[in-house]
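Please read them beside the coordinates.

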Amino acid sequence: MRVIANKILLLIESRGVKLNHDRETYIYGLSQWLYTIFSTSLLLLWGIIWGYSFESVILILVFYANQSYGGGFHADSHIKCLCTMIVGQCVYFLLLNLKINIYNSLILSLISLGILYGFPLVLHKNKLYLEKIKDKLIRKSRYLVIGEGIAYLASLLVPFPPLSNIISLALLLSAVSRLGSIYINKSRVLH
């Protein structure tokens with residue numbers, strides 16, 4: 001991704017655009033952006049292949065939102081990250097096949113939402129510069145969790161019974177990622 005990001009940056013510079021910051025910052029940002037597009041596309045393709053396209057979209061939306069606003073497990077390379085996401089997605093597919101009843105779905109959602117609300121912000125060691133705005137990030141993370149709780153409750157009213165399970169399991173994987181970050185990476189937990 002860095003090679004492609006560097007080529008894009010060279011192309012931009014050749015057009016006369018002046019960089020306002022360190023070149024390495026732009027390369028990092030571009031490579032992260034390219035990786036996100038690539039990995040999201042691959043996850044969507046994987047979902048289509050296995051017949052879980054809608055479910056994959058919900059998983060990606062819920063998981064990315066929770067990762068973005070509150071943090072979670074971060075692998076130390078793009079390939080490890082991608083492998084972890086694909087394994088997580090496969091676990092999600094297997095759990096979807098269990099046909100969890102509404103009561104267990106509700107319990108899973110409440111536990112997951114409780115974890116996400118109780119541990120609203122886990123900063124990765126590379127993101128510690130965000131600690132100065134932690135109160136704002138915690139507030140946003142908790143608002144997101146409240147919104148997800150409302151969305152889950154609304155899904156119980158929709159005449160599409162699998163929707164509540166789909167959301168419940170996406171919340172569960174988000175909560176597992178948040179806990180994984182706390183215990184595996186020994187990241188900073190902020191309340």
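1. The expected span of a helix is taken here as 1.5 Å times one less than its number of residues, while helices (H or I, at least four residues) and strands (E, at least two) are DSSP runs, numbered from the N terminus. The buried residues of α2 are I27, L30, S31, L34, Y35, S39, T40, L43 and G47, where buried means under 20% relative accessible area, exposed over 50%, and partly exposed in between (1.4 Å probe, protein chains only). These buried residues pack against α1 (2-14), α3 and α4, with contact meaning heavy atoms within 4.5 Å. After α2 comes G51, whose phi is positive, near 80°.

2. On provenance, this is a predicted model, in which local features need pLDDT of at least 70 and side-chain atom pairs count only at pLDDT 80 or more, whereas totals for chains, interfaces and linings use all residues. Residues are numbered from 1 along each chain as its sequence is written, and side-chain values use heavy atoms, with hydrogens and water left out.

3. As to the overall architecture, the protein has 7 helices and 2 strands, which follow the pattern α-α-α-α-α-β-α-α-β when read along the sequence. Its C-alpha atoms fill a box of roughly 60 × 40 × 30 Å, taken along the principal axes, and buried residues make up 37% of the 191 residues. Among the contacts with a separation of 6 or more, 77% are between residues 24 or more positions apart. The protein exposes about 11,400 Å², of which carbon and sulfur atoms supply 70%; these accessible areas come from the Shrake-Rupley method with a 1.4 Å probe, and for residues only the protein chains shown count as cover.

4. How many aromatic pairs does the structure hold? There are 4 aromatic pairs, given that rings of Phe, Tyr and Trp (its six-membered ring) pair if their centres lie within 6.5 Å, with planes under 30 degrees apart counted as stacked, over 60 as edge-to-face and the rest as tilted. One of them joins Y52 and F93 in a stacked arrangement, at 4.6 Å centre to centre and with 15° between the planes. Y52 lies in the loop between α2 (23-49) and α3 (53-70) and F93 in helix α4 (residues 78-96), so this pair ties together parts that are 41 residues apart in sequence. Y52 is buried, with a relative accessible area of 15%, and F93 also counts as buried, at 6% relative accessibility.

5. Another aromatic pair, between F54 and F160, is edge-to-face, with 6.2 Å centre to centre and 75° between the planes. Because F54 lies in helix α3 and F160 in the loop between α6 (134-155) and α7, the pair ties together parts that are 106 residues apart in sequence. Here F54 counts as partly exposed at 41% relative accessibility, and F160 is partly exposed with a relative accessible area of 37%. Separately, ring pairs link Y52, Y92 and F93 into a cluster.

6. Helix α7 (residues 162-184) has 23 residues that should span 33 Å at 1.5 Å a residue, and its end C-alpha atoms are 32 Å apart, which agrees. Since 17 of the 23 residues of α7 are buried, this helix is largely enclosed by the rest of the structure. Within α7, A175 counts as buried at 2% relative accessibility. Leaving aside residues up to four places away in sequence, A175 touches S112, I115 and L116, while the C-alpha atoms of A175 and A151, which are 24 residues apart along the chain, are separated by 16 Å.

7. In helix α5, L113 is buried, with a relative accessible area of 12%. Not counting residues up to four places away in sequence, L113 touches V145, E148, G149 and L171. The C-alpha atoms of L113 and I146, 33 residues apart along the chain, are separated by 8.1 Å.
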